[in-house]
Amino acid sequence: MPLSHRTLRRTAVFASAVTLVAGIPMAVVSLASTAVATPSHAAPAVATGGSGASLPYTEVEAEKEPTNGTVIGPSFTAGQLADEASGRKAVTLQGTGQYVTFTTPVATNSIDFRYSIPDTATGSTYTAPLSLYINGAKQTDFTLTNAYSWYYGTYPFTNNPSNGKAHHFYDEVHRLFSTTYPAGTTFKLQVDSEDTASAYTVDVADFEHVAVPASQPAGSVSVTSKGADPTGVADATSAFNAAIAAAGHGGTVWIPPGTFNIPGHIAVNNVTVEGAGMWYSTVAGTAPGFYGNSAPNPSTNVHLSNFAISGNVQIRNDGAQVNGIGGAMSNSGVSNLWIEHMKVGAWMDGPMSNLTFSGMRIRDTTADGINLHGGVTGSTITNSNVRNTGDDGIALWADASIGADSQDTISNNTVQLQQLANGIAGYGGNSNTISGNLVVDSGISQGGGIHIGQRFKSTPVGLYTIQNNTMLRDGDLDPNWKFGVGALWFDAQQATIAGPLNVTNALIEQSPYEAVQWIQGTVNGVNLDTVTIAGTGTFAFQDQTGASVTLKNVTGTGIAQANLGKTPSYSCDGGSFKVTDNGGNSGVLPTSCTTTSPTPVYPPYPSVAR
């Protein structure tokens, strides 16, 4: 969500009926009905959803591997370690000799794993070792830290445990080996006598066969030729700037293997900055970033690729420009960057056009993963992984003071474990597409999986095409509203939404609360076509506002309220929830006016969930 305080309001609800339109005739269905007649059509199509990014690594869940530690979860309760874990489960190792052993399913020369160690009583930063064994042979210990985890209180959060409401528990650490290990190799994380943390929680490990480093492009200017220190000790800012100047307009700057200390921003315009690979070339420092010119005169022809940006941002300060990529860039591309420990991976202030992000790996930020903020048009975010962000994973914020985000595409991304807000969000804007994404365990607090909202002083919400997406275990109990947030949800807080919002081929599985939600204001023009809902903790639909929706081939199974003999969906707004039934629907209607907050039945549910 935008980097501003999030205003939350409980929406008033009223008794209502649901109007169904089957072709031309209309019939009002009684709230006491237990079934809804639908037009006679062929068997409904089953949604296949989206598979997300084509990732170069394979994830292995700790709780599915051999361990003598304690498997925690599943949990869908804020403030618990398992609630923020991948799959809502993890393994806690506590005491000498406890271990978890990962067997890699692929050949690998690397490991990246997600972990949490306890915070100190005062919130002070510390490190602790953890032992690694490969096929039983002791390796160099990992060094873990609490520096980038454990936030407290309410927005914008602190590092002070006395503020309570602990969250954002996890961080990641990775290592590249000089040996390639075949599939079937065991990687054991074990607490040995020298490992000093009081507990270690291990969530998931990624195994990847990393290619050899790329070679320096012909005609490029290496930053080391201008004096950059590849050991990361000396400040390399002046050397980077000198290399950019020497490369000239349209030239290429080369970042060779090594770690380069860049405390702040590097300005880029009409230049290519290329590294040897995200595992080899690292720009590190207090808050390193590559920034285009300020709008309305954006940089152009900027290409950033194949390196890592690793910051030291430990708290959220929305007044600080401490993002990995920033400013404005038109006719530009950012690809294959690993960005971690920044406020935002990429925060782009428009207007600008034709900017593409691809192959991104954004982890452990205090706020968003990627946010296209105001007047960003014809731009694309694709084939990227965004994991463990403090706010929205990927967002379009069409700030009315700047202009509409329009004709933008968010496609084929894997978005996981967003803490404060949503996996993917569109705040205002029009003619945008969200397609082929996999959104998993997102909306840990105050959010869900995919969200469209007329909020944060945005331009009007127009056409959104939301197609071929999968939402798995998205949504949680909002601590302010005191009811659940849907995996797919719509909010017209600041003005009526006209849409249309066309949702097709959506697979929504194992939602802890409702699958689809309408809340605040009036939301019109939602069209659900071939939507498969498999398992919810409460309802299939939760309508808390005036809304109009067209349904075709929308099916619900494993709906908790229906399993209890109640209606599968909720509506309590005085007859303002108008449903047009175009056939092929089952298990999602009728609605009734009950409580917005029934006791949820948490996953897992019987479903086809991956």
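**Note on the predicted model**

Lys-165 lies in the loop between strand S10 (142-145) and strand S11 (171-181). The model is a predicted one, and the points below start from this residue.

1. Lys-165 and its backbone. Phi of Lys-165 is near 55°, a positive value although the residue is not a glycine. Most residues other than glycine have a negative phi. With a relative accessibility of 59%, Lys-165 counts as exposed, because the cut-off for that class is over 50%.

2. Thr-530 belongs to strand S45, which covers residues 516-536. Is Thr-530 buried or exposed? Its relative accessibility is 14%, so Thr-530 counts as buried, the limit being under 20%.

3. Cis peptide bonds. Most peptide bonds are trans. The bond from Gly-73 to Pro-74 is cis, with omega near 5°. Pro-74 sits in the loop between strand S4 (70-72) and strand S5 (90-93). The bond from Leu-589 to Pro-590 is cis as well, again with omega near 5°. Pro-590 is placed in the loop between S48 and S49.

4. The disulfide. How many disulfides does the chain have? The count comes to one disulfide. Cys-572 is joined to Cys-593, with an S to S distance of 1.7 Å. The two cysteines are 21 residues apart and link distant parts of the chain: Cys-572 is in the loop between strand S47 (569-571) and strand S48 (577-581), and Cys-593 is in the segment after strand S49 (591-592). Cys-572 counts as buried, since its relative accessibility is 6%. Cys-593 has a relative accessible area of 31% and is therefore partly exposed.

5. The surroundings of Asp-112. This residue is found in strand S7, residues 108-116. Asp-112 has a relative accessibility of 3% and so counts as buried. Which residues does Asp-112 touch, leaving aside residues up to four places away in sequence? They are Glu-172, Val-173, His-174, Val-204, Ala-205, Asp-206, Trp-338, Arg-363 and Arg-387. From Asp-112 to His-174 the C-alpha to C-alpha distance is 4.0 Å, while the two are 62 residues apart in sequence.

6. Helix H1. This helix covers residues 237-247, and its buried residues are Thr-237, Ala-239, Phe-240, Ala-243 and Ile-244. Gly-248 follows H1 and has a positive phi, near 75°.

7. Secondary structure and contacts. The chain holds two helices and 49 strands. Among its contacts with a separation of 6 or more, 76% are between residues 24 or more positions apart.

8. Overall dimensions. What radius of gyration does the chain have? The value is 24 Å, which agrees with a compact globule, because 610 residues in such a globule would give a radius near 25 Å. Along the principal axes, the C-alpha atoms fill a box of roughly 75 × 60 × 50 Å.

9. Burial, surface and charge. Of the 610 residues, 62% count as buried. The chain exposes about 20000 Å², and carbon and sulfur atoms supply 53% of that area. There are 25 positive and 41 negative charges, and their mean positions are 5 Å apart.

Key
Residues numbered from 1 in each chain as written. Predicted model: local features only at pLDDT ≥ 70, side-chain atom pairs only at ≥ 80, totals over all residues. Heavy atoms only, no water. Helix = DSSP H or I, 4+ residues; strand = E, 2+ residues; numbered from the N terminus. Rg over C-alpha atoms; globule rule 2.2 N^0.38 Å. Buried < 20%, exposed > 50% of the residue type's maximum accessible area, 1.4 Å probe, protein only. Contact = heavy atoms within 4.5 Å. Areas by Shrake-Rupley, 256 points an atom, 1.4 Å probe, with all protein chains shown as cover. Lys, Arg positive; Asp, Glu negative; His and termini not counted. Charge placed at Lys NZ, Arg CZ, Asp CG, Glu CD. Disulfide = S-S within 2.5 Å.
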